[in-house]
Amino acid sequence: MLNVGIIGLGVGEQHLIGFKKLKAIKDIYIFDINKKKMKEVSKKYNGLILGNSAEDLIENTDIDIVSIASFDQFHCRQILNALKNNKHVFCEKPICQNSKELNLIKKKLTSKPNLKMTTNTILRTSPRFLDIKNKIRKKYFGEIYYIELDYNYGRLHKLVGGWRGRIKDFSVFLSGGIHMVDLLNWFLDSEVDSIKGFSNDFCTKKNKLNIKDNAVALVKLKNKVIVKLSCNFGCVYPHFHRVIIYGTNATYEQSFSSEYFFKGRPNVNRKKANTEYPGVKKSGLIKNFVESIIYDKPLTIPKNEMLKAMKICLKINEAIS
Ligand SMILES: NC(=O)c1ccc[n+]([C@@H]2O[C@H](COP(=O)([O-])OP(=O)(O)OC[C@H]3O[C@@H](n4cnc5c(N)ncnc54)[C@H](O)[C@@H]3O)[C@@H](O)[C@H]2O)c1
């Protein structure tokens with residue numbers, strides 16, 4: 001049996017729901033700097049143990065897993081401390097905020113090869129994207145030569161009124177675009193050759209947050225595929241992952257009002273996508289993470305792929321600055 005400590009109870013409450021379902025989990029400790037929230041959550045679920053601080057959980061020798069869902073700026077320190085204390089780590093994205101922090105995490109992970117760590121880039125569990133991944137594997141698209149992946153956040157209030165907008169140099173790519181970067185890595189498994197990027201701040205400039213709320217990167221991969229990645233936090237648009245994949249034999253388009261596979265030339269056949277989208281739960285990766293600890297099952301988001309997505313986002317940040 002394993003014991004888990006959860007830090008931060010916004011999306012962390014979903015981590016809690018995920019862990020609670022598993023027979024392999026015995027005790028669940030929780031901590032939130034917002035005491036009111038911690039009390040509310042502790043009343044909703046039976047048997048939770050309340051911590052006194054994040055460190056209290058991280059350094060507790062009874063705890064095997066630390067699940068981090070605090071604000072972004074705390075992730076790196078909490079991860080390093082958890083690994084130092086020999087805990088397996090499930091951490092919300094982004095796992096850190098800059099290259100220096102990423103190198104520290106990488107080094108610490110290398111020094112603790114028996115510890116499992118993953119991150120919550122959850123779109124790999126979406127039935128829609130699993131179907132696309134499967135089609136790519138079966139060469140449905142032929143040779144893919146161009147992809148567009150847009151993260152339309154559409155939740156300006158969370159940037160302007162919440163903690164995100166108060167983070168110095170808040171990066172929309174690290175915060176949200178990373179979901180699309182992770183999809184790209186999963187779909188194509190190629191390395192980045194070069195990146196050109198642009199950004200602006202039309203949606204938040206009046207709020208003086210000094211945040212590039214809209215960022216676009218053109219990426220050339222080593223396999224010569226061209227990718228447009230964009231991350232649009234201020235858009236008047238429902239929260240949505242816009243995806244277009246062009247291959248030599250077929251195209252897929254997912255925009256807000258439609259999602260189709262196109263096939264055939266010169267007469268193009270149109271087939272409606274029939275898989276669920278997004279169809280994900282924020283707790284969707286917890287079971288796999290715990291099974292990786294108990295049975296050494298491969299992680300859905302392996303450590304190297306978690307680090308790779310972070311590295312690409314940081315490179316995009318350099319290109320757009
Ligand atoms: N994977 C996803 O799809 C997804 C979705 C939403 C948020 N997130 C990530 O989850 C994290 C939390 O975001 P959220 O939307 O839940 O925010 P939130 O504001 O809803 O909740 C965060 C909670 O964590 C607490 N907290 C913050 N720092 C803490 C610390 N150092 N110690 C203890 N408690 C702390 C806050 O008091 C708050 O209750 C962020 O990193 C965010 O990027 C991921």
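Predicted model: local features only at pLDDT ≥ 70, side-chain atom pairs only at ≥ 80, totals over all residues.
Six strands make up an open sheet, running in the order E3-E2-E1-E4-E5-E6, and their pairing is parallel. Ile65 is found opposite His88 of E5.

Helix H1 (residues 12-20) is mostly covered, with seven of its nine residues buried. The buried set in H1 is made up of Gly12, Glu13, Gln14, His15, Leu16, Gly18 and Phe19. What do these buried residues of H1 pack against? Their partners come from both strands and helices: strand E1 (2-7), strand E2 (25-31), E4 and E5 on the one hand, and helix H2 (35-44) and helix H9 (286-295) on the other.

Elsewhere in the model, helix H6 (residues 127-137) packs with helix H8 (residues 172-188), their axes lying 9 Å apart at an angle of about 30°. Since angles under 35 degrees count as roughly parallel, H6 and H8 are therefore roughly parallel to each other. From H6, the contact draws on Phe129, Ile132, Lys133 and Ile136, while H8 brings in Leu183, Trp186 and Phe187. Sorted by class, the residues of this H6 and H8 contact come out as six nonpolar, no polar and one charged. As for the spacing of such positions, an α-helix has 3.6 residues a turn, so residues three or four places apart point the same way.

Asn134 also lies in helix H6. Is Asn134 buried or exposed? Asn134 has 11 C-beta neighbours inside 10 Å and therefore counts as exposed, the cut-off for that label being 12 or fewer.

How many residues surround the ligand? The shell holds 23 residues, and the closest are Gly8, Gly10, Val11, Ser70 and Glu92. By class, the shell around the ligand splits into eleven nonpolar, six polar and six charged residues.

Notes:
Residues numbered from 1 in each chain as written. Axes fitted to C-alpha atoms, helices over the stretch in contact; angles between N-to-C directions. Helix = DSSP H or I, 4+ residues; strand = E, 2+ residues; numbered from the N terminus. Parallel < 35°, antiparallel > 145°, perpendicular 65-115°, else oblique. Contact = placed C-beta atoms within 7 Å. Nonpolar A, V, L, I, M, F, W, Y, C, P; charged D, E, K, R; others polar. Near = placed C-beta within 6 Å. Buried ≥ 20, exposed ≤ 12 C-beta atoms within 10 Å, placed from the backbone. Pairing = 2+ DSSP bridges.
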